[in-house]
Amino acid sequence: MNYECSICKNQPNSHSFELIDYNDQTYFFYTCPAKAIKYYDCSGILQHYDGYLNQMTENTKWVWIFDANNLELKHLLEVNVAIELAKLITNKYSKNLEKICIINPNWYIYSMTSIVWPFLSREVRNLIIYDNEKYNINI
């Protein structure tokens, strides 16, 4: 993958979504909103995700590791970002999504999940798992 976010190019760590591994036709993406400088930048974040995910071939599978470490109220208040990401994933990239693994879950991520729930397809909802053991992910 050679996508480069123009916003992150000018200001590194503006967004948080990156390819961390690839094996056997599966991409593994990692995000930690608390590490993003521009966690509120809805259009930039959507473009960032879409830029990476749009490079996958039609048959490529992918896993989304969502790290809720240090997620706070300020992130929860950016409801529009979460809703628009839920719509993007459901409408455009759910076909090959294998799993959404939420690591380091806290009260804020449970609240955010309940807010975006209506915007996720049943299929995507069924792919969400919470992993309370740090990085103990069975993929």
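This is a predicted model: local features need pLDDT of at least 70, side-chain atom pairs count only at pLDDT 80 or more; totals for chains, interfaces and linings use all residues.

Colleague: Which word describes the orientation of α4 to α5, roughly parallel, roughly perpendicular or oblique?

Modeller: Helix α4, residues 79-93, packs with helix α5, residues 107-116, with the axes 9 Å apart and at an angle of about 55 degrees. Roughly parallel pairs have angles under 35 degrees, and roughly perpendicular pairs fall from 65 to 115. Therefore α4 lies, relative to α5, oblique.

Colleague: How many residues of the contact of α4 with α5 are nonpolar?

Modeller: From α4, the residues Val79, Ala82, Ile83 and Ala86 meet Met112, Ile115 and Val116 of α5. The contact of α4 with α5 has no polar and no charged residues, and its nonpolar residues number seven.

Colleague: How are α2 and α4 oriented to each other, roughly parallel or roughly antiparallel?

Modeller: The axes of α2, which is residues 42-53, and of α4 come within 10 Å and cross at roughly 25 degrees. The crossing in which α2 passes α4 is right-handed. Angles under 35 degrees count as roughly parallel, and therefore α2 and α4 are, to each other, roughly parallel.

Colleague: How many residues in the contact of α2 with α4 are charged?

Modeller: On the α2 side the contact is made by Cys42, Ile45, Leu46, Tyr49, Asp50 and Leu53, while α4 contributes residues including Asn80, Glu84 and Lys92. The residues of the contact of α2 with α4 divide into ten that are nonpolar, one that is polar and, as charged residues, three.

Methods. Residues are numbered from 1 along each chain as its sequence is written. Side-chain values use heavy atoms; hydrogens and water are left out. Axes are lines fitted to C-alpha atoms, for helices over the stretch in contact, and angles run from 0 to 180 degrees between N-to-C directions. Helices (H or I, at least four residues) and strands (E, at least two) are DSSP runs, numbered from the N terminus. Angles under 35 degrees count as roughly parallel, over 145 as roughly antiparallel, 65 to 115 as roughly perpendicular and the rest as oblique. Contact means heavy atoms within 4.5 Å. Ala, Val, Leu, Ile, Met, Phe, Trp, Tyr, Cys and Pro count as nonpolar, Asp, Glu, Lys and Arg as charged, and the others, Gly among them, as polar. A crossing is left-handed if the near helix is turned anticlockwise from the far one by less than a right angle, and right-handed if clockwise.
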